[in-house]
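Here's a quick tour for anyone meeting this structure for the first time. Have a look at the picture, then read on.

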Amino acid sequence: MIHLQNAEFVRSAAKKEDFPWDGLPQIVFSGRSNVGKSSVINRILNRKNFARVGNAPGKTSHINYFRIDGKFYLVDLPGYGYAKVSQAEKARWARLIQSWFDDPGLMTLGCMLVDARHKPTADDCTMGEWFKQAGKPFVVVANKLDKLKKSEIEPNLQRIRDTLEIDADIEVIPFSAEKGTGRPDLLGQISAHLGEGLL
């Protein structure tokens, strides 16, 4: 049983050689730089400031590894999209992320974050293709649900599914890092792919 009690930052990987190769499962999070990735990770762990929450999007320029209970990693990929960085830096991020996806032994489960309020961007669609081509299980986490009216939720979730062109068996989880909506569903997915219960 994994209790989510012991969470530790392990390393920031700037290149392929920095990736951990210890065989622990890796649950990877990706998303645009303003989609609230750090907030979602903090909500999953029920920690306020564990993963850094920056006012300026795009602070995560490396792949950050957090080891949970000594049993698995939460892997935080660099945010993409709005970050005010040079094209050369964006290209470096893309190469870094591509090298991570290229290794079939790394990903246990992918968690692709999108903004529940908006149609996924071209960058989101590119990330979705990376997840599909990896051939590993992934879910889409539609964050910022608390910013939607009830009547908007279902149409927006369908628009996300249609835009990303994902199969019916891939779950789109409505989520609010602010309120905790969707946390049990996401933990259920993580637990199922780790093969252990989560408390």
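## Helices and strands

The protein chain is built from five helices and seven strands. Starting at the N terminus, the order goes β-β-α-β-β-α-β-α-β-α-β-α. The chain has a radius of gyration of 16 Å, close to the 16 Å that the globule rule gives for 199 residues, so it is as compact as a globular protein of that length. That radius is taken over C-alpha atoms, and the rule itself is 2.2 Å times the number of residues to the power 0.38.

A word on where this comes from: it's a predicted model, where local features need pLDDT of at least 70 and side-chain atom pairs count only at pLDDT 80 or more, while totals for chains, interfaces and linings use all residues. Residues are numbered from 1 along each chain as its sequence is written, and side-chain values use heavy atoms, with hydrogens and water left out.

## Overall size and packing

A contact here means heavy atoms within 4.5 Å.

## Charges and salt bridges

The chain carries 28 positive and 24 negative side chains, with the centres of the two sets 7 Å apart. Lys and Arg count as positive, Asp and Glu as negative, and His and the chain ends are not counted. Each charge is placed at NZ of Lys, CZ of Arg, CG of Asp or CD of Glu. Side chains of opposite charge can pair when their charged atoms come close. The structure holds seven salt bridges, each a side-chain nitrogen of Lys or Arg within 4 Å of a carboxyl oxygen of Asp or Glu.

One of them joins R67 and E8, at 3.2 Å from N to O. R67 sits in strand 3 (residues 63–68) and E8 in strand 1 (residues 7–13), so this pair ties together parts 59 residues apart in sequence. Another links R32 and D124 at 2.8 Å, N to O. R32 is in the loop between strand 2 (26–31) and helix 1 (37–45) and D124 is in helix 3 (residues 122–134), so the pair ties together parts 92 residues apart in sequence. R32 is buried at 5% relative accessibility, and D124 is buried at 0%.

## A look at A177

Where does A177 sit? Its place is the loop between strand 7 (172–174) and helix 5 (183–194). A177 counts as buried, at 14% relative accessibility.

Leaving aside neighbours within four places in sequence, A177 is in contact with S39, V40, R43 and N143. A177 and K144 are 33 residues apart in sequence and 6.9 Å apart in space, C-alpha to C-alpha.

How values were computed: Helix = DSSP H or I, 4+ residues; strand = E, 2+ residues; numbered from the N terminus. Buried < 20%, exposed > 50% of the residue type's maximum accessible area, 1.4 Å probe, protein only.
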